[in-house]
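Welcome! Take a look at the model first, and then read on.

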Amino acid sequence: MNIHEYQAKNLLRENGVPVPEGRMIRKSEDAIEAAKSIQEATGTNTWAVKAQIHAGGRGKGGGVKIAKSLEEVKEYAGNILGMNLVTHQTGKEGKEVHRLLVEEGIYYKGESEPAEFYMGVLLNRNSGKNIIMYSTEGGVDIESVAENTPHLIFKEEIHPGLGIQMYQARKIAFNLGLNGNAFKEMVRFVIKLYRAYLNTDASLIEINPLFKTSDNKILAADAKINLDDNALFRHKSYQDLRDTTEEDPAEVEADKNNLNFIKLDGNVGCMVNGAGLAMATMDIIKLSGGDPANFLDVGGSANAQTVEAGFRIILKDPNVKAILINIFGGIVRCDRVAKGVTEAFKALGEIHVPVVVRLQGTNAEEGKKLIDESGLQVKSAITLQEAADGVKELV
């Protein structure tokens, strides 16, 4: 589950990770009050006004502004709230901004030059260990750094039984070129950040930029946290962090119907029971000359209701030119799925895209017979090759 920056910073703050003082607002008229509250708490005379959407590149799209007066805070808040923010991650359609983070300014003069770093905590699936990935090149796209200057990216693996060690945190601070108080602050930051990663059951924590102020404080100037959906049962309050307005409506509807759905960019919708079979089905679609429009796993208990919900979700995509239903009858019987398909067709009325239904396993022949005798404009198949040929004819 992805969350907003201000929510991520609240979680970091709860775990002792230093972040700038900030307030989230939904209305531009609340901006000055938020800025004054931050000024009272920190003494700052500058503020960052930041759009809150689930996408990176907000600054380049005009969604992050530095205000040097209360009047500018109000002006920027009015300009950003309600704007359609387009970044390299939103696509050309962009996202409407409904929330703002007003935050203390951290760029100020002091005893040393400020610096921006990058730091991320995630799982290395190859080794089965968590890693801290970090770089001196903060504030820019880390993908570009990895591609153009890979020697500037460092990785520190953490043993799952031992946890992070002090020597590892010191090594990270050293590789970032720090010394004195900044070195000590970075060591403490790294320890607390890794513990926050574990405590929140995150699948990713990314700080970019990780900021060293001119008086040698270390702060998470930006924060991205992805929470592991499979661990949400251990954090009941995290459900309140979900913002469905930032998610694809089809994926939200699928979640309500207990369907595993991911939207893709292709032209052939697919409905399958089982994640492995779904992956194979997408391969079939590619081999047949099409492109999968989605990943949709209806699970092991497909029935008329789940099939109907699956149809509704797939048909909302205007790019879908055909649908392939690929069911292996193990736990669920193929004749039961076939009946679900026919009932779903009747409930939905006329479906304007061609459909191929491939059934294999328990009662596959009976299921095929039900489809063939239904009078519906549905092409049935038993083997993978038949399904592939059926899709090839359609696309």
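## The whole chain

Of the 395 residues in the chain, 49% count as buried, meaning under 20% relative accessible area with a 1.4 Å probe and protein chains only. This is a predicted model, in which local features need pLDDT of at least 70 and side-chain atom pairs count only at pLDDT 80 or more, while totals for chains, interfaces and linings use all residues. Residues are numbered from 1 along each chain as its sequence is written, and side-chain values use heavy atoms, with hydrogens and water left out.

The C-alpha trace spans about 80 × 50 × 40 Å along its principal axes. The chain has 12 helices and 18 strands; these are DSSP runs, with helices (H or I) of at least four residues and strands (E) of at least two, numbered from the N terminus. Take the contacts (heavy atoms within 4.5 Å) between residues at least 6 apart in sequence: 66% of them join residues at least 24 apart.

## Helices α5 and α6

Two packed helices are described by the angle between their axes and the distance between the axes. For α5 (residues 166-175) and α6 (residues 180-199), the axes come within 8 Å and cross at roughly 125 degrees. Axes here are lines fitted to C-alpha atoms, for helices over the stretch in contact, with angles from 0 to 180 degrees between N-to-C directions. The two helices are therefore oblique to each other, the class left over once angles under 35 degrees (roughly parallel), over 145 (roughly antiparallel) and 65 to 115 (roughly perpendicular) are taken out.

Which residues of α5 and α6 meet? On the α5 side they are M166, A169, R170, I172, A173 and F174, and on the α6 side F183, M186, V187, V190 and I191. By class, this contact has 10 nonpolar, no polar and one charged residues (Ala, Val, Leu, Ile, Met, Phe, Trp, Tyr, Cys and Pro count as nonpolar, Asp, Glu, Lys and Arg as charged, and the others, Gly among them, as polar).

## Helices α2 and α3

The axes of α2 (residues 31-42) and α3 (residues 70-80) come within 9 Å and cross at roughly 135 degrees, so this pair is oblique. A31, I32, A35 and K36 in α2 meet L70, V73, K74 and A77 in α3. Their contact has six nonpolar, no polar and two charged residues.

## Cysteines without a bond

How many disulfides does the structure hold? There are zero, taking a disulfide as a pair of cysteine sulfur atoms within 2.5 Å. The sulfur of C270 is 17 Å from the closest cysteine sulfur, in C334, which is too far for a bond. C270 is buried at 0% relative accessibility, and C334 is buried at 0% too.

Key
Buried means under 20% relative accessible area, exposed over 50%, partly exposed in between (1.4 Å probe, protein chains only).
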